[in-house]
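Hello,

Here is the structure we talked about. Please open it first, then read the notes below.

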Amino acid sequence: MRSIALLFFWLLVTTGCPAPRPPARPTQPPNEPGQTEPRPGSPQIAWKRVQTVADVPPAPAPGTYQVHMIDVGTGLAILVRGSDFAMLYDAGTNDRGEKPLRVVAYLAATLGPSGDDLCVDGGAPPVTRVKLPHVVLSHPHLDHASALDLVVHCYDIANFWDSGSINETVFYRELMSGIARSPTIAYHTAASPTDDRAISIKGTAIALPRWDRFSEGDTVQLGEGAKFTILHAEGKKLGDFNQNSVVLAVELGGAKLLLVGDAESGERKDPSYPVGDVEEHLVSQYPQLIRSDILQVGHHGSKTSSRRGFLEAVKPRVALVSTGPKMYGKVTLPDAEVIEELKHVGATILRTDEHDASCPVSGRIGGDAGPGGCDSWVLTITRAP
Ligand SMILES: [Zn+2]
Ligand SMILES: [Zn+2]
């Protein structure tokens, strides 16, 4: 009997069995319109689903801010707006078809239509071009970047923020060529400028004369009451582009939004495993700055990310999970273990994949074929009185 008990103990130690957890709080709000519980001195955060143009709220009034998680199918695109600025963080999908235009259609529905006939889904092109002051590419994977060349073509962008790690692909070459052609875009990257301020992608030299280097800790004012601080900047080519993810701590009228792209802890493991890689860096270097009201959940809710130690440091009130039906390797995301872990920290979870199989409404923004477009979410942040 004693030997059986010893064997069990040995198995427990050697298999790294996670420590038992108390059950998750059963009071998860439904995945429908809602808002955070009021707290004195804390900004109010309200959310609702966006499917058609009629669901899109008007531009935010001074003192309020919006965070849009655009349902791009299998990928990520987050639009942040104040009364005097806009910032797009990633715009890509792993799905095919109309999805790049879907992002531009969503921008048209929120910021206003802009560009030429490539930028409109039928109909006449708009007469004016619209400003989009900041666009950030977290890292150069297709599911984050595929729509950005069209965004660069259609909107007047002042600042493009890029990890600086080069992906030797046609889509990344097209994106960088569009940035180089633009007379207005300042190109910010974590990589040091080359002597001739040019890069080469698939044998094509691309000149980027307005190349400017950014570093961890840099803070950028977005607008009245809004700024971001860069918490991870890595321009070198590493084993996986996910390790280059540009991480931003965004402050919006006293609310905090953490954008992490596909930042990871390492291999796919249970969330109880120790933090590693970029998540470890964030927890150890910026324990105060990563504490956030809203978290864009890393790597589409994969078990590579969102370790317990990381989520307990962030403590999000709202968790944004952008994902779709296309497989990442052998899995579709998010992983159930990550969703459970998010519930344990008390987050309300908003997802873009709920109606991928069938959308209950017609008139989705940017077309009706394929997954995506049915579960975009807009969060409205109102400053504490
Ligand atoms: Zn990635
Ligand atoms: Zn991704």
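**Strand E2 and its partners**

Strand E2 (residues 44–50) and strand E19 (residues 376–382) pair in the antiparallel sense, over seven bridges. Keep in mind that this is a predicted model. Glutamine 44 stands opposite threonine 382 in E19. E2 also takes strand E1 (residues 34–35), again antiparallel, through two bridges. Look for glutamine 35 there: its bridge partner in E2 is alanine 46.

**The loop between E16 and H7**

Two residues deserve a look here. Histidine 299 sits in the loop between strand E16 (294–296) and helix H7 (308–314). Its phi is positive, about 50 degrees, although it is not a glycine. Histidine 299 has 26 other C-beta atoms within 10 Å, so it is buried; the cut-off is 20 or more. Serine 306 lies in the loop between E16 and H7 as well. Serine 306 is not a glycine either, yet its phi is positive at about 60 degrees. It counts as buried because it has 31 C-beta neighbours inside 10 Å.

**A cis peptide bond**

Leucine 333 and proline 334 are joined by a cis peptide bond, with omega about 10 degrees. Proline 334 belongs to the loop between strand E17 (318–321) and helix H8 (336–344).

**Aspartate 121**

This residue is in the loop between helix H2 (99–110) and strand E6 (131–137). Aspartate 121 has 13 other C-beta atoms within 10 Å, so it is partly exposed. Beyond its neighbours within four places in sequence, it contacts Leu101, Ala105, Gly366 and Gly367. Leucine 101 is 20 residues away along the chain, and the two C-alpha atoms are separated by 7.4 Å.

Best wishes

Technical notes
Residues numbered from 1 in each chain as written. Chains lettered and ligands numbered in written order. Predicted model: local features only at pLDDT ≥ 70, side-chain atom pairs only at ≥ 80, totals over all residues. Pairing = 2+ DSSP bridges. Helix = DSSP H or I, 4+ residues; strand = E, 2+ residues; numbered from the N terminus. Buried ≥ 20, exposed ≤ 12 C-beta atoms within 10 Å, placed from the backbone. Contact = placed C-beta atoms within 7 Å.
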